[in-house]
Amino acid sequence: EGSVATSLSLWVNGIERKGVLTTKEKAQAAYKQIVGVESRDPSLMQWKEGNKIVVRVFPVNYEKPRTFKCGFTTPLQAGNNDMKYQSLSIKGPNISNASTLSRIQITGDTKVRTSKDFEFKNNFYVNESKGLDDWEAAIPLNKINSSSFTWKNKTYKVKEIQKVNVPFKALEIILDLNSSWTLNEIESFVNLPQKSIYVYSDKEKKEITKENFKEIQWEFKNLHYSLLPLYKITKNSLIITKSGSFSANFEELNESQYLNKIKTGTKQQNLKVINISGEINPFWQTVKEQKYLDYYQASLQKSLQMINQNQFVLYKTDENSVNIEPAHISIQETAKDSVSKSNGPNHIYRMYAFGKVLDEQVKIQNDTLAANKYVTLAKDANVVTPISSLIVLETDADYENNGIEKNVDTLGKASIKNDGAGPEPHEWVMIIIGLTTLLFYYQRNKKQKA
């Protein structure tokens with residue numbers, strides 16, 4: 001959560017070709033045309049609900065392996081005492097025998113703890129292994145550094161996220177049970193004084209009591225996730241979920257009667273959700289992003305405390321800011337001034353742009369002018385969103401034939417060294433070559449006119 005896809009490359013005939021960001025519709029149409037009609041070599045990166053990224057590469061087979069590269073900007077998850085990086089989960093062809101290089105670079109003398117062995121050499125922590133195993137790295141949680149990045153007369157500042165406790169007395173408490181719940185967790189809610197606790201089983205609401213909670217837990221022992229009928233849950237109710245990483249998403253439920261009812265009958269219910277898990281599945285991710293209800297992640301003990309105190313926690317928002325909740329930060333857009341320094345990476349702006357598109361995605365679906373505005377924002381930051389995709393085509397003519405313009409005056413492809421301070425050495429070379437070409441063209445024209 002909070003991660004954003006920022007680059008795509010595909011090697012064609014041994015040469016790296018970088019992705020171009022365009023609208024989701026143009027990218028999809030170009031990919032279908034070139035794969036289905038012309039049978040040549042494109043690559044497409046798309047955003048899917050639940051914040052999943054799907055990359056298509058054509059063709060790939062035993063005789064013709066392909067090389068492609070994806071880049072992601074991922075905020076660290078902030079805990080009570082540390083910040084954690086969690087490795088990406090990748091699904092696709094079997095890569096258990098692939099060579100994997102994991103490399104960590106940290107500025108300053110901060111110590112890092114990792115769940116697999118890293119060797120420190122040449123200013124990097126390095127691990128070489130086979131396949132793609134899950135791992136995490138943790139560093140001590142420091143006070144949030146108010147860094148910023150300036151772009152096109154706007155400054156994007158990182159600040160600590162602001163929370164506010166609001167009164168909320170739940171009329172009912174619904175437990176969204178699945179196989180990950182323990183008896184002790186269920187019992188903790190059943191033992192709350194003067195609270196009505198319910199569960200939905202086979203689309204019917206059933207009360208959970210001290211007498212039947214063990215039997216009810218048994219009913220859900222093989223269930224990975226559920227799809228609650230949010231539209232018919234009593235107004236001003238509180239849902240407690242313990243989310244995993246797997247569920248159906250809105251795209252898979254599209255055109256179903258269930259999803260239509262979710263979209264038309266949920267927001268007016270004023271429902272609140274507390275997730276007592278550190279994970280969030282695609283269903284809850286989308287419900288949260290599209291603001292069908294108020295969502296908060298908290299520990300079991302914190303959630304019990306909130307219920308007893310008849311409180312809920314909301315994050316402060318405004319039109320010019322984006323909250324990245326797992327990182328406990330907010331990114332605020334302000335007018336450029338002479339005081340603020342651009343001392344942060346351009347990844348700050350990329351995360352801001354992605355967050356703004358997510359915040360407005362429901363509005364965008366029904367407003368062409370809004371869609372155009374946010375497509376421009378996504379192109380400017382070069383980020384893959386619900387309305388923009390990255391595509392690599394084999395030749396420059398392919399882009400022209402499919403009405404896809406190369407991105408000009410944008411941040412372009414992200415890299416590790418995007419620090420916002422200025423061009424990298426190879427970029428200076430390109431700039432010097434460009435200026436030399438212009439100068440030569442100007443001098444030649446002068447001579448011709450003379």
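In this predicted model, K69 and E16 form a salt bridge, with their closest N and O atoms 3.6 Å apart. K69 belongs to strand β6 (residues 68–73) and E16 to strand β2 (residues 15–18), so the contact ties together parts of the chain that are 53 residues apart in sequence. K69 is partly exposed, with a relative accessible area of 37%, and E16 is also partly exposed, at 30%. This pair takes its place in a structure that holds 19 salt bridges.

D82 forms a salt bridge with R113, and here the closest N and O atoms are 3.0 Å apart. With D82 in strand β8 and R113 in strand β10 (residues 113–114), the pair ties together parts that are 31 residues apart in sequence. D82 is buried, its relative accessible area being 14%. The side chain of K84 meets that of E136 in a salt bridge of 3.5 Å, N to O. This pair, too, links distant parts of the chain, since K84 lies in strand β8 and E136 in strand β13 (residues 136–140), 52 residues apart. E136 counts as partly exposed at 28% relative accessibility, and K84 likewise at 30%.

Attention now turns to helix α1. Spanning residues 24–38, α1 has 15 residues and reaches 20 Å from its first C-alpha to its last, close to the 21 Å expected at 1.5 Å a residue. Its buried residues are A27, Q28, A30, Y31, I34 and V35. Because these residues cover an arc of only 165° around the axis, they sit on the same side of α1. Their packing partners are strands β3 (20–23), β4 (43–48), β5 (52–57) and β26 (388–392), together with helix α10 (396–401). The face turned away from this buried side carries the exposed residues E25, K32, G36 and V37. S39, which follows α1, has a positive phi, near 55°.

V158, by contrast, is placed in strand β15 (residues 154–160) and counts as buried, at 9% relative accessibility. V158 and Q268 are 110 residues apart in sequence, and their C-alpha atoms are 33 Å apart in space.

Conventions:
Residues are numbered from 1 along each chain as its sequence is written. This is a predicted model: local features need pLDDT of at least 70, side-chain atom pairs count only at pLDDT 80 or more; totals for chains, interfaces and linings use all residues. Side-chain values use heavy atoms; hydrogens and water are left out. Helices (H or I, at least four residues) and strands (E, at least two) are DSSP runs, numbered from the N terminus. The expected span of a helix is 1.5 Å times one less than its number of residues. Buried means under 20% relative accessible area, exposed over 50%, partly exposed in between (1.4 Å probe, protein chains only). The arc is that of the directions from the helix axis to the C-beta atoms. Contact means heavy atoms within 4.5 Å. A salt bridge is a side-chain nitrogen of Lys or Arg within 4 Å of a carboxyl oxygen of Asp or Glu.
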